[in-house]
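Please examine the model shown below together with its sequence.

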Amino acid sequence: YTLLYIPLLFLIVAGVLYSVGVFLYTHLDSDLSADSEPVQCVFYLLTLLGVNLVGASTRFYDELTSRRVFYKIGRSLISRQDALGETLLKEVLIKSIMPEGVCHQILESGVLHDSV
């Protein structure tokens, strides 16, 4: 379930079809039908169902974690761009309001970049 990166619904359908195929091949074959008890068949089906559920839930939480990481990285990049835009806006405002000498002192001292 976690190695194949195809949609989760297709993986679940393929897993269930495979499990049903294996069950039909092993337990309902004409040679083995006399040996297979109903309790054993039910246990085998429940085991296959459990394996498919564990695989599907593992894949679901793997995708959820990947999306959370992607979301956090995206938010970090957006906040970094916002901070850079604010710094540039502060520099433009300082250049437009203050005299040229004071403006160069402030920009060279790095006071603007330390506050962000």
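Phe60 has a relative accessible area of 41% in this predicted model. Because this value lies between the limits of 20% and 50%, Phe60 is classed as partly exposed. The structure contains one aromatic pair, and Phe60 and Tyr61 are its members. Their ring centres are 5.4 Å apart, and the planes of the rings make an angle of 70°. The arrangement is edge-to-face because the angle between the planes is over 60 degrees.

Phe60 also takes part in a helix contact, as one of the α2 residues that meet α1. Helix α1 covers residues 8-27 and helix α2 covers residues 38-97. How do the axes of these two helices cross? They come within 10 Å of each other, and the crossing angle is roughly 165°. An angle over 145 degrees counts as roughly antiparallel, and α1 and α2 are therefore roughly antiparallel to each other. The crossing of the two helices is right-handed.

Which residues form the contact between α1 and α2? From α1 come Leu8, Leu11, Ile12, Gly15, Val16, Ser19, Val22, Phe23, Thr26 and His27. On the α2 side they meet Gln40, Cys41, Tyr44, Leu45, Leu48, Asn52, Ala56, Arg59, Phe60 and Glu63. Sorted by class, this contact comprises twelve nonpolar, six polar and two charged residues.

Gly55 is another residue of helix α2. Is Gly55 buried or exposed? Its relative accessibility is 11%, so Gly55 counts as buried, the limit for that class being under 20%. Gly55 and Ile12 are 43 residues apart along the chain, while their C-alpha atoms are separated by 8.6 Å. Ile12 is itself among the α1 residues that meet α2.

The description can now be widened to the complete chain. Its secondary structure consists of four helices and zero strands, and the pattern read along the sequence is α-α-α-α. Of the 116 residues in the chain, 16% are buried. Among contacts between residues at least 6 apart in sequence, 51% join residues at least 24 apart.

Conventions: Residues numbered from 1 in each chain as written. Predicted model: local features only at pLDDT ≥ 70, side-chain atom pairs only at ≥ 80, totals over all residues. Heavy atoms only, no water. Phe/Tyr/Trp six-rings, centres within 6.5 Å; stacked < 30°, edge-to-face > 60°. Buried < 20%, exposed > 50% of the residue type's maximum accessible area, 1.4 Å probe, protein only. Axes fitted to C-alpha atoms, helices over the stretch in contact; angles between N-to-C directions. Parallel < 35°, antiparallel > 145°, perpendicular 65-115°, else oblique. Left-handed = near helix turned anticlockwise from the far one by under 90°. Contact = heavy atoms within 4.5 Å. Nonpolar A, V, L, I, M, F, W, Y, C, P; charged D, E, K, R; others polar.
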